[in-house]
Amino acid sequence: MSFLSKITDFFEYLAKRHRLLPWVFAYVALIPLPFILSALFNEYLIDLVNRICLFILLAVGLNIVKGFCGQVTVGHIGLYAIGAVTSAVLSLEPGGFGGALGFGWPIWLSIPSAVLVTACAGLIIGLPSVRLEGAYLALATLGLGESVRIFIAVTPALGSSTGLMMIPAPSIGSYTFDSFTSYYYLVMTAALVGIYFSFSILQSATGRAFQAIREDTIAASVNGINIIKYKLLAFVLSAIYAGLAGALFAHMPPGYLHHNNFTVIEMVTLLLMVVLGGIGNVWGGVIGAIVVAIAYDQTKDLVFYFMDRPIVIQPLVFGLSMVLLVMYMPRGIGGWIEDFQRNRRFIRKSEERASGSTRNT
Amino acid sequence: MALLEILNLSKSFGGLQAINNVSLSVKENTVHGLIGPNGSGKSTFFNLITGVYQPDKGSLIEFNKVDITDKPAHFIAAQGLARTFQLLRLYGELSVLENVMVGYHPHTKYGLLAPLFMGSEVRRQDKLVKAEMIELLEFIGLAEHAEIPAAELSGGQRRLLALGRAIAMRPKMLLLDEPGAGLSPVNVDNLMATIMTLKERYNLTIIVVEHILKVVMSTCETISVLDHGQKISEGNPDFVKNDPAVIEAYLGKEMADDDIRLAMNS
């Protein structure tokens with residue numbers, strides 16, 4: 001606890017100097033990570049970290065619509081798929097492998113276009129939220145999200161069952177982001193900027209409007225908040241995160257995309273990240289993404305033999321942990337963080353009071 | 001001059017006529033009372049004015065010379081019409097300060113996406129709003145609880161916060177739905193005193209729904225009485241108090257006139 005306190009103190013000290021200083025510090029501290037990982041372990045871990053960064057983007061984006069605004073959406077992975085496939089198809093050379101579509105756009109054009117397309121798709125996935133709430137909204141968005149995956153799976157132009165291959169890697173001048181280490185800097189930057197923007201939104205009037213809608217929709221509308229506009233905005237914002245994560249995923253080495261990356265299981269994994277992180281808490285979501293992504297990776301090959309027949313137990317473990325989490329840790333890691341922050345505030349206040357009273361006497 | 005003008009307001013839910021042809025006119029800078037037995041349509045009436053429900057055809061609501069009959073709630077709020085709820089509807093997980101800052105929402109000057117692109121301007125404006133809202137909290141006596149979640153306040157403090165959130169909207173008119181419900185008589189008096197100070201300070205016109213008749217009789221200049229969705233009486237407190245139609249609505253036909261006088265005067 002005191003260790004955590006010291007870190008928080010340090011970051012608060014930095015924030016007092018300049019509000020961007022903690023972010024710069026975090027960025028600099030993350031720069032040597034791939035070298036440490038490859039020196040101590042192996043290259044594969046860098047790939048894992050890259051995927052964690054993408055999952056952080058996804059989880060932080062999902063947190064905007066689900067955590068801040070309280071709209072239960074299960075179609076987020078569909079948006080991720082749209083971002084990935086759009087950017088891949090736009091950047092692939094025409095006449096590619098297996099009848100896949102290709103436009104040969106430069107990558108720095110295809111990624112923003114993919115984000116734009118995903119934002120529009122986010123608007124469409126958000127439309128049911130105007131009329132539906134809770135479980136009904138979840139069902140509607142689940143349908144939309146899953147239909148995206150099936151559409152990709154049955155359309156040869158989008159890869160169908162073979163997937164899209166040889167998706168080019170991004171490059172600046174002659175430098176190409178084609179290794180795990182170089183790509184790490186791309187996705188790490190994106191994740192950090194994503195987290196920062198998510199805080200900017202949360203602490204503004206826009207974020208307060210989102211939270212007001214989550215807490216009480218009728219009171220929010222009477223307080224002058226345009227419910228429909230803000231709900232759709234939340235969906236579009238989270239879609240932008242998902243679109244960017246998807247586009248970055250498409251171009252990540254080895255440049256291969258398959259619709260199996262966008263199944264309901266992936267969606268459950270994503271939800272698990274947000275739930276474990278504590279709904280509505282940004283840092284909780286980030287930690288949730290890290291923990292669940294590592295757990296996902298570690299349990300991927302976990303096979304249990306029953307009467308000599310292999311049983312893959314990962315989906316079971318994830319489903320069960322979701323149930324247990326919701327039952328016994330409904331506020332997730334974010335709940336711990338909030339308690340920690342509140343304790344600190346309380347201690348500081350009582351210290352101030354104590355020092356104030358001694359000064360008076 | 002009438003700030004709020006309501007003509008032939010009706011609302012039916014299926015076969016139930018919740019509000020039936022009610023017309024009402026509220027003058028600027030007055031306190032207008034709205035009373036009636038439970039289920040007489042008072043809350044529905046508020047919900048219709050503030051856009052939570054849409055009125056039936058043929059109704060007309062004009063606020064400050066703007067037709068707000070079929071307008072959405074956020075538009076009506078932006079015209080300067082604020083309300084509190086009988087069940088408060090606070091944003092429980094948000095802090096007290098954030099609750100009133102949400103109330104200030106209609107006056108936010110920066111755009112939806114400004115937080116992403118012009119951080120410093122957003123922070124500068126938020127700082128000003130925060131200072132203003134803390135001043136408001138000091139005025140209603142909640143400043144020292146500014147940082148705690150609204151759900152952790154006591155019952156009386158929550159009523160104050162609901163009031164503060166409505167005042168933060170800088171309204172011209174304030175609709176209070178049972179502001180004193182669940183408070184002890186002393187607290188009700190304090191609350192009414194606060195409301196009257198706020199009225200003077202912010203130049204408000206108030207419509208108040210209240211079951212504690214003593215409060216209504218002592219603070220309102222005009223009182224309208226609803227029963228079964230219809231306006232059965234209107235006038236100054238003395239007139240309403242002695243109106244046989246009102247007495248009948250509250251106590252039924254067979255009760256003696258003396259009883260209601262006793263109840264109303266106590």
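Colleague: How many residue pairs are in polar contact between chain B and chain A?
Modeller: The count is 14 residue pairs, both residues at pLDDT 80 or more. Keep in mind that this is a predicted model.

Colleague: Which elements of chain B touch chain A with two or more residues?
Modeller: Helix 2 (73-78), helix 3 (96-103), helix 4 (114-117) and helix 5 (119-140) of chain B. Helix 3 gives the largest share, 4 residues.

Colleague: And what kinds of residues are on that side of chain B?
Modeller: There are 17 nonpolar, 6 polar and 10 charged.

Colleague: How many salt bridges cross the interface?
Modeller: The rule finds 4 between chain B and chain A. One of them joins the side chains of A:Arg208 and B:Asp126, at 3.5 Å from N to O.

Colleague: How much area do the two chains bury?
Modeller: About 2,800 Å² between them, with 61% of it on carbon and sulfur atoms. Chain B puts 33 residues into the contact, and chain A puts in 31.

Colleague: New topic. Where is B:Thr69 found?
Modeller: B:Thr69 sits in the loop between strand 5 (66-67) and helix 2 of chain B.

Colleague: Why does B:Thr69 count as buried?
Modeller: Because its relative accessibility is 6%, and buried means under 20%.

Colleague: What does the side chain of B:Thr69 pair with?
Modeller: The side chain of B:Asp67, in a polar contact of 2.5 Å. A polar atom of the B:Thr69 side chain also lies 3.0 Å from the backbone nitrogen of B:Ile61.

Note on methods
Residues numbered from 1 in each chain as written. Chains lettered and ligands numbered in written order. Predicted model: local features only at pLDDT ≥ 70, side-chain atom pairs only at ≥ 80, totals over all residues. Heavy atoms only, no water. Contact = heavy atoms within 4.5 Å. Buried area = accessible area lost by both parts, 1.4 Å probe. Polar contact = N/O pair within 3.5 Å; in protein donor to acceptor, adjacent residues only side chain to side chain. Nonpolar A, V, L, I, M, F, W, Y, C, P; charged D, E, K, R; others polar. Buried < 20%, exposed > 50% of the residue type's maximum accessible area, 1.4 Å probe, protein only.
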